[in-house]
Amino acid sequence: MTLAFREVRLAFNRAPLLGILGAVTIAFSLYAFGLFGLVALNIQQALREVEDRVEVRAFLIEQASDGDVEELMQALNRMPEVADVGYVSPDSALQRARAELEEFRDVMDGVFLPGSVELRLKPGMRDPAQVEKISERLRRYGIVDEVRYGREWVEKLYRIRNVVGVAGTVLGSVFALVAVIIIGSTIRMSILARAREIEIMRFVGATNGFIRLPYLLDGAIKGLVGGGVALLLTWVTSTLVSSTVMQTRYFSFGQMLLGLLAGGVLGLLVSWLSIGRHLRDVPQG
Amino acid sequence: MSGIVRVAHVSKEYPRSGMALRDVSFEIQKGEFVFLVGHSGAGKSTLLRLLSMAEQPSSGDLRVSGYTSSSIRPREIPKLRRRLGIVFQDYRLLPDRTAAQNVAFAMEVTGVSNAVITPRVVKLLGQVGLGHKLDAFPHELSGGEQQRVAIARALANEPFLLLADEPTGNLDDRATHAIYMLLREINAKGTAVLMATHDVAMIHRSGQRFIELERGELVYDGNDMARLLVDLRARR
């Protein structure tokens with residue numbers, strides 16, 4: 001291993017520009033992928049916030065007694081899909097209406113507004129089919145007069161979410177593929193630059209495993225450095241956008257660590273493939 | 001005497017350039033010095049490549065130190081190479097390493113410890129007359145000196161056989177003689193040498209056994225110097 005590290009250092013000393021160019025190329029291809037990841041993360045976050053507002057409201061009949069309401073609330077709280085339940089009494093409904101619709105204040109005297117139960121659903125339970133199912137169950141209660149949840153709005157939200165999901169997967173795969181191709185070419189270039197050395201290693205009796213090791217290390221180091229630089233660049237971009245255009249969210253510590261690790265693993269894997277191909281294509285010494 | 005190299009009815013055909021070797025057979029005994037002679041394209045380098053198992057023959061069989069071409073596994077090739085010394089006309093030294101590092105490299109790849117490598121490198125470079133140029137880079141050395149480094153590297157793992165592919169091809173007469181004398185010295189210590197060369201005069205002076213190849217065929221194997229003189233005159 002010490003020898004492999006020395007070989008990596010020697011190769012860098014021999015052609016520092018090639019080494020730096022390699023790491024920079026990897027950094028930029030990972031930066032492009034990271035930017036995509038950042039956009040995807042923020043869109044996902046925005047959608048989640050909108051999703052949080054998905055609410056099912058059940059209007060109750062005028063004759064509903066306090067006991068009936070209490071019983072309904074308890075039944076709803078027991079439903080696994082429900083995050084929380086709130087009750088709006090006829091009086092507070094009227095108060096709310098007066099506050100929100102000030103210009104109609106006068107016409108509201110003596111008006112009866114029905115009480116309602118407001119349900120917020122747990123994440124993952126907010127898709128149109130699930131919401132409709134819950135609404136259906138609510139309608140079966142005798143004291144429930146009408147159930148509303150903004151059907152069209154929920155359906156549109158989920159359509160957007162699906163489109164974003166598919167586009168994200170396709171675009172993400174394309175970005176990842178481009179990154180792999182660019183990293184592959186960079187590492188292949190450094191292998192070809194050292195083809196003579198590989199040939200000499202072979203005729204003095206080096207095993208393929210021994211020849212491979214410095215290249216794997218080189219790839220992993222370049223991947224880690226490239227990943228680190230890409231993270232720094234995405235952070236600068238995110239900070240700039242946050243301070244000038246709109247508030248954005250940056251990767252969590254775990255995601256950053258994962259990105260860095262992915263850079264290293266990518267460098268390692270691509271090196272493994274490239275050196276393997278070289279050793280296979282070039283005959284034994 | 002036991003044959004450390006046995007070449008039996010070996011032919012090698014390349015898809016584009018055709019037959020490089022045709023039904024070649026010979027043996028080399030332990031500690032022998034044998035020249036391999038022939039015009040360019042006669043098949044000398046091909047034969048040396050087959051002996052180092054860099055390639056497989058199209059037909060026939062080679063046995064080198066217990067390894068047979070038809071049954072050797074790819075993972076066994078490095079093991080064989082560690083028991084062979086290989087020297088090329090163009091030296092093939094690593095340009096960014098000193099003479100000592102180039103020699104050490106051959107031992108490092110086989111996993112020898114530094115404690116063993118350092119004194120052995122000094123000894124080997126001393127043996128080839130370069131004890132005073134341990135830290136010189138290849139570009140600071142003459143052609144003859146670079147070839148000496150290459151020979152020291154070939155000897156690093158104490159080979160039983162040294163394959164030399166026209167090691168004096170790029171050298172002047174004086175350096176050629178010095179390299180030849182060095183190879184004889186190595187041979188005298190027990191390492192068999194198979195040396196490909198164009199230099200008929202050198203073979204004549206040595207009086208050693210020579211194998212002559214012509215268009216891929218073995219046309220002579222022996223030490224009849226009269227035959228060699230005919231060849232020498234024909235070339236002039």
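Helices (H or I, at least four residues) and strands (E, at least two) are DSSP runs, numbered from the N terminus, and on that basis chain B has eight helices and 10 strands. This is a predicted model, in which local features need pLDDT of at least 70 and side-chain atom pairs count only at pLDDT 80 or more, whereas totals for chains, interfaces and linings use all residues. Residues are numbered from 1 along each chain as its sequence is written, and chains are lettered from A and ligands numbered from 1 in the order in which they are written.

**Chain B as a whole**
- The radius of gyration of chain B, taken over C-alpha atoms, is 18 Å, which agrees with the value near 18 Å for a compact globule of 236 residues under the rule of 2.2 Å times the number of residues to the power 0.38.
- The C-alpha trace of chain B spans about 45 × 45 × 40 Å along its principal axes.

**Contact between the chains**
- Counting two residues as in contact if their C-beta atoms, placed from the backbone, lie within 7 Å, 15 residues of chain A are in contact with 18 residues of chain B.
- On the side of chain A that touches chain B, helix H1 (2-14) and helix H7 (195-203) of chain A are the elements that give two or more residues, and H7(A) supplies the largest share, four residues.

**Contacts within chain B**
- Among contacts in chain B between residues at least 6 apart in sequence, 67% join residues at least 24 apart.
- Leu36(B) touches residues including Lys44(B), Leu47(B), Ile211(B) and Leu213(B), when residues up to four places away in sequence are not counted.
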